[in-house]
Amino acid sequence: MIALLRRDLAIAVRAGGGFGLGLAFFLVVVVLVPFGVGPDTATLTRIAPGILWIGALLACLLSLDRLFALDFEDGSLDLLATAPIPLEAVVGVKAVAHWLTTGLPLTLMAPVLGVMLNLPGQGFVWLVISLALGTPALSVIGAFGAALTVGLRRGGLLLSLLVLPLYVPTLIFGAEAARRGAEGMAVNTPLALMAGISFACCALMPFAAAAALRVNLR
Amino acid sequence: MQDDPAALKYSRMKSLWEYANPKKFMQVSGAMLPWAAGLSALCLVVGLIWGFFFTPDDYRQGSTVKIIYLHVPAALMAINAWLMMLVTSLIWLVRRHHVSALAARAAAPVGLVMTVIALVTGAIWGQPMWGTWWAWDPRLTSFLILALFYLGYMALWEAVENADTAADLTSVLCLVGSVFALLSRYAVLFWNQGLHQGASLSLDKEENVADVFYHPLLVSIAGFVLLFFALVLLRTRTEIRKRRLQALMNRERMG
Amino acid sequence: MIPDLGKYAAEVASAYAVSLVMIAGLVWFSLRQSAKVRAELRRIEAKREQKNG
């Protein structure tokens, strides 16, 4: 499993897949927002947590369609399915690799972009915490969507349509926690709810994703 | 042997599952379809005409209260259609009855149209009542999310070529989607406490709507339920025929 | 016959119109699809009958 993780990470970094691209996309989205809503700093301060969350979510979505597609095409997914480790674990490892190459860098980069959006000082720590807790959920839910669409020729667009509604609860609680943090209010409730969703997703979604993968490999 | 309760139960079970046989289903649904369609048309006409022409105006909401005869039944069916898809998806996953999977596929567009009707009538109602076409009210927002789930589900059916694979994948999506739809419902509630009045059909007498409005509403709900039933029968029959057509064409190409 | 809908006439009427049009569209679409598939199936089955005997 460690070997699989290392291999996936190597592929992600070497092939220039999600790694740099997701971060660049995040940057571009955040840079574009002030052009859309105007340069007024008060407005930007107010919407900064939401923008950063949506930007992170979209950047996360960007690299999902490659999660299983490469392995599916060259047949190594078939090998993995018959390997001694269960398919659920394979999905889990791939989701972890996806998180390490997109979710984690996005989380680390968010404060930098927060400065550009004039995020208040007290908001930074909650923004990072909410993203750190929320992005794993985005990765595993995305892994489920990727598993559903892996055999399809034009799966990318369908993947977004399937995955984005599933992101709603995570986004609501995550952005709410970041917003309350920025406004200096108590963040316990949304943060706890989001952490709950995140852990539940990490625990259960690999099973759903593995079920979908088995169907697609049949 | 016939009196053995287990055997009796088994034979009864078997008789229920016989309807999952496509041939049997075609027979029964063919016989039922005209009745369901006729009854639903009758209930809809009676309920909607009663509601539109012969109900008084509400003292607070004026004549907009008449929209309830479309809004509430459509919203009810939008949710029940998804529940029905959930049940048929489970039956497909557990017992592999093709009719079940096809019924879920047939129900999705009907459910989507019901969701859209509920949204549109809600928006039209909201305009004079709340002073805005669209408010990010929890229930409205949940329905919007439900519509997105319907869209995704239908798109997945269309995209996958192999019929059994499509049935499996959409069933899994339906299960996971149900959990997330429920989660979203509560998340949205947390996110914005709404403008909506409490449930208008709850058993709680305090909040219940008055009888003058209630009776035609029941008729039109019955009409919507029957309409849904008739449409799902019709569409499932179409799906079964489509499947048979595909099988025949494949055989022709082979031989 | 037309009831007095007061100042909300436009809203109520348009709600009914939109909903009825959508339901009618759904029913029409379902019926048309059903007729199309049924005709196609009949055609193919007739062809098979001919070929087989």
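Predicted model: local features only at pLDDT ≥ 70, side-chain atom pairs only at ≥ 80, totals over all residues.

Reader: Which helix of chain B gives the most to the side of chain B that touches chain A?

Author: In this contact, 21 residues of chain B meet 20 residues of chain A. Two helices of chain B, α5 (138-159) and α6 (163-191), each supply at least two residues of that side of chain B. With 12 residues, the helix that gives the most is α6(B).

Reader: How many residues of the side of chain B that touches chain A are charged?

Author: The side in question comprises the 21 residues of chain B that are in contact with chain A. By class, 17 of the residues on this side are nonpolar and 3 are polar, and the number that are charged is 1.

Reader: Is Ser184(B) buried or exposed?

Author: Ser184(B) lies in helix α6 of chain B, and, leaving aside residues up to four places away in sequence, it touches Val168(A) and Pro169(A) as well as Ser142(B) and Ile145(B). A residue needs 20 or more other C-beta atoms within 10 Å to be classed as buried. Because Ser184(B) has 28 C-beta neighbours inside 10 Å, it counts as buried.

Reader: Are α3(B) and α7(B) parallel or oblique to each other?

Author: Helix α3 (residues 68-95) of chain B packs against helix α7 (residues 211-254) of chain B with the axes 9 Å apart and at an angle of about 40°. Angles under 35 degrees count as roughly parallel, whereas roughly perpendicular begins at 65. The two helices, α3(B) and α7(B), are therefore oblique.

Reader: How many residues of the contact of α3(B) with α7(B) are nonpolar?

Author: On the α3(B) side the contact includes Ile68(B), Tyr69(B) and Met77(B), and on the α7(B) side it includes Phe213(B), Ser220(B) and Phe228(B). The residues of this contact include 1 polar and no charged, and the number of nonpolar residues is 15.

Reader: How many residues of chain B are in contact with chain C, and how many of the chain C residues on that side are charged?

Author: The contact brings together 24 residues of chain C and, from chain B, 30 residues. The chain C side divides into 13 nonpolar and 6 polar residues, and its charged residues number 5.

Reader: How far apart are the end C-alpha atoms of residues 12-31 of chain C?

Author: UniProt, in an unreviewed entry, places the feature "transmembrane region" at these residues of chain C. In the model the span is 100% helix and 0% strand, and its end C-alpha atoms are separated by 28 Å.

Notes:
Residues numbered from 1 in each chain as written. Chains lettered and ligands numbered in written order. Contact = placed C-beta atoms within 7 Å. Nonpolar A, V, L, I, M, F, W, Y, C, P; charged D, E, K, R; others polar. Helix = DSSP H or I, 4+ residues; strand = E, 2+ residues; numbered from the N terminus. Axes fitted to C-alpha atoms, helices over the stretch in contact; angles between N-to-C directions. Parallel < 35°, antiparallel > 145°, perpendicular 65-115°, else oblique. UniProt positions renumbered as here; feature names shortened; annotations may be inferred. Buried ≥ 20, exposed ≤ 12 C-beta atoms within 10 Å, placed from the backbone.
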